[in-house]
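Let's walk through this model together, one stretch of chain at a time. Keep the sequence and the 3D view side by side as you read.

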Amino acid sequence: MTTGAQTPSHPARPRRSRLRTFLPLGIAAWLVLEIWLLTLVAGASNGLVVFLVLLAGFVLGSIVIKRAGRRAFRRLSEALQQQQSGVMPAAARPNSEGNGLMMLGGLLLMIPGLVSDAVGLLLLLPPVQKAVSRSAERTFERKLREADPGTLGGAFQQARMHRPDGKVVQGEVIRDEPGDTPQEPRPPLTH
């Protein structure tokens with residue numbers, strides 16, 4: 001049965017973000033570059049040298065990750081002990097922001113390839129860590145300012161139930177906390 005209205009020949013598709021468009025291309029280009037550089041090194045020397053370089057990167061990366069993980073766990077334990085003893089934990093220490101970047105550098109060292117090893121080694125340098133940390137913090141703050149107003153907790157106050165027939169039922173989340181008096185049932189929400 002037709003109503004006389006024209007059906008669109010091509011339904012409107014949501015626009016893909018730049019990240020979703022270019023990320024697969026970037027990963028493919030990175031892999032091609034890594035393989036090409038490894039073949040150049042293998043051609044200039046031999047396969048054993050390439051194997052030893054990749055093995056050294058893996059071992060160094062695992063040592064860096066283990067060391068950064070231990071440091072982070074030790075700082076967490078110290079902060080918890082200070083909190084339990086009633087002392088407020090001290091403000092962030094000058095070198096406390098580098099653990100995540102050190103772990104990322106170690107992970108990049110463990111990934112086979114020369115470009116990832118170079119980037120991983122750069123991330124182990126303290127001046128580079130500080131620059132990357134400041135840049136990431138500024139980007140995060142800018143994105144937070146550009147976000148729509150509202151709180152994260154407010155987003156969880158509305159719930160949507162998807163029924164098997166495809167209909168969406170809107171509702172409200174109600175928490176019963178200990179010590180609260182029981183509330184009367186609320187009327188159902190309507191459109």
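Over residues 48-65 the chain is 100% helix and 0% strand, with its end C-alpha atoms 26 Å apart; helices (H or I, at least four residues) and strands (E, at least two) are DSSP runs, numbered from the N terminus. This is a predicted model, in which local features need pLDDT of at least 70 and side-chain atom pairs count only at pLDDT 80 or more, while totals for chains, interfaces and linings use all residues. Residues are numbered from 1 along each chain as its sequence is written, and side-chain values use heavy atoms, leaving out hydrogens and water.

The UniProt annotation "transmembrane region", from an unreviewed entry, covers residues 48-65 along with 21-42 and 101-125; such annotations may be inferred rather than shown by experiment, and the positions follow the numbering used here, with feature names shortened. Residues 21-42 are likewise 100% helix and 0% strand, and their end C-alpha atoms lie 33 Å apart.

Now look at Leu-52, which sits in helix H2 (residues 47-84). Is Leu-52 buried, partly exposed or exposed? Its relative accessibility is 45%, so Leu-52 counts as partly exposed; buried means under 20% relative accessible area, exposed over 50%, and partly exposed in between (1.4 Å probe, protein chains only).

Next, find Glu-34 in helix H1 (residues 18-44). Glu-34 is buried, because its relative accessible area is 4%. Leaving aside neighbours within four places in sequence, Glu-34 is in contact (heavy atoms within 4.5 Å) with Pro-112, Gly-113, Leu-114, Val-115 and Ser-116.

Ser-116 leads us on to helix H4 (residues 114-123), where Ser-116, Asp-117, Gly-120 and Leu-123 are buried. They cover an arc of only 125° around the axis, so they lie on the same side of H4; the arc is that of the directions from the helix axis to the C-beta atoms. An α-helix has 3.6 residues a turn, so residues three or four places apart point the same way.

What does Gly-105 touch, not counting residues up to four places away in sequence? Its partners are Gly-120 and Leu-123. Gly-105 belongs to helix H3 (residues 98-110) and is buried, with a relative accessible area of 0%. The C-alpha atoms of Gly-105 and Asp-117 are separated by 8.2 Å, and these residues are 12 apart along the chain.

Finally, step back to the whole protein. It has 6 helices and 2 strands, following the pattern α-α-α-α-α-α-β-β along the sequence. Of its 191 residues, 12% count as buried.
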